[in-house]
Amino acid sequence: MTMSLLPAPHSPRPTAGAAARTARLRRTAIATGLLAAGGLGLPVIAPAVALAQPAQKEAAVHQPTADLHPIAGETASQAPRSVVLLETPLHSDGKPIAYPKGAPQILVRTTEIPVGARTGVHSHPVPLVTYILNGVLTIQSATGETKTYKPGDAFVERTDWHEGINQGLEPVRLLAVYVGEVGAPLSIKPSN
């Protein structure tokens with residue numbers, strides 16, 4: 001696991017923000033670990049109900065049984081486990097996910113949206129899985145439809161014109177996984 005995604009603590013002494021910083025670091029580490037373990041991989045088919053409430057079920061991490069050699073004293077509770085954050089065949093606006101046709105390319109990045117900031121109207125020509133690490137993000141479509149996401153929520157971004165808005169009291173930090181293709185833009189802005 002790469003810790004470069006984690007911000008360095010600003011002060012060695014405990015402060016009111018220390019607990020929030022620790023929680024953010026823990027969520028980032030969990031998301032990074034899940035990503036490395038395949039827990040934030042490509043969406044798979046599941047009932048549309050998964051869009052309303054992200055699945056929070058535990059599943060054992062698949063390991064080849066021929067390569068497993070139990071460590072002396074290890075119990076079942078010490079075995080690796082993963083938590084399914086999202087399982088859906090649909091974007092958050094209900095449209096089916098379509099994978100790019102060109103040479104595949106995955107991009108994973110974190111994004112921070114300051115308090116009061118807006119992303120500007122845009123759309124994504126490739127599937128984009130978003131996981132909220134910190135803060136509350138409102139996604140508003142061009143037609144005015146809104147959906148609010150909080151820490152721990154995972155979703156596949158809309159296919160239509162939309163923008164992200166931070167109407168909360170703290171910065172939004174999110175983990176974005178773009179299922180793209182070489183040479184394709186990650187997002188586009190309207191031409192007018």
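Which residues make up the largest nonpolar core? I looked this up in a predicted model. The core holds 12 residues in all: I113, V126, L128, I132, L137, I139, Y149, F155, V172, L174, A176 and Y178. I then noted which elements give two or more residues to this core, and they are β4 (128–134), β5 (137–141) and β9 (172–181). β9 gives the most, with four residues. I also found a second, separate core of 10 residues, which includes I97, V129, Y131 and V177.

Next I went through the contacts of I139. Leaving aside neighbours within four places in sequence, I139 is in contact with E145, T146, K147, Y149, F155, E157, R158, H162, E163 and G164.

I searched for aromatic pairs, and the count came to one. The rings of Y149 and F155 have their centres 3.6 Å apart and their planes at 10°, so I list the pair as stacked. The cut-off for buried is under 20% relative accessible area. Y149, at 8% relative accessibility, therefore counts as buried, and F155 counts as buried at 5%.

Last entry: H122. I placed H122 in the loop between β3 (104–113) and β4. At 8% relative accessibility, H122 counts as buried. The H122 side chain reaches the backbone oxygen of G120 at 2.8 Å and makes a polar contact with the side chain of H124 at 3.2 Å. Not counting residues up to four places away in sequence, I have H122 touching E157, D160, W161, H162, E163, G164, S187, I188 and K189. I checked H122 against H162: they are 40 residues apart in sequence and 5.6 Å apart in space, C-alpha to C-alpha.

Notes: Residues are numbered from 1 along each chain as its sequence is written. This is a predicted model: local features need pLDDT of at least 70, side-chain atom pairs count only at pLDDT 80 or more; totals for chains, interfaces and linings use all residues. Side-chain values use heavy atoms; hydrogens and water are left out. A nonpolar core is a set of buried Ala, Val, Leu, Ile, Met, Phe, Trp, Tyr and Cys residues joined through side-chain atoms within 4.5 Å. Buried means under 20% relative accessible area, exposed over 50%, partly exposed in between (1.4 Å probe, protein chains only). Contact means heavy atoms within 4.5 Å. Rings of Phe, Tyr and Trp (its six-membered ring) pair if their centres lie within 6.5 Å; planes under 30 degrees apart count as stacked, over 60 as edge-to-face and the rest as tilted. A polar contact is a pair of N or O atoms within 3.5 Å; within protein, one must be able to donate a hydrogen and the other to accept it, and residues adjacent in sequence count only if both atoms are side-chain atoms.
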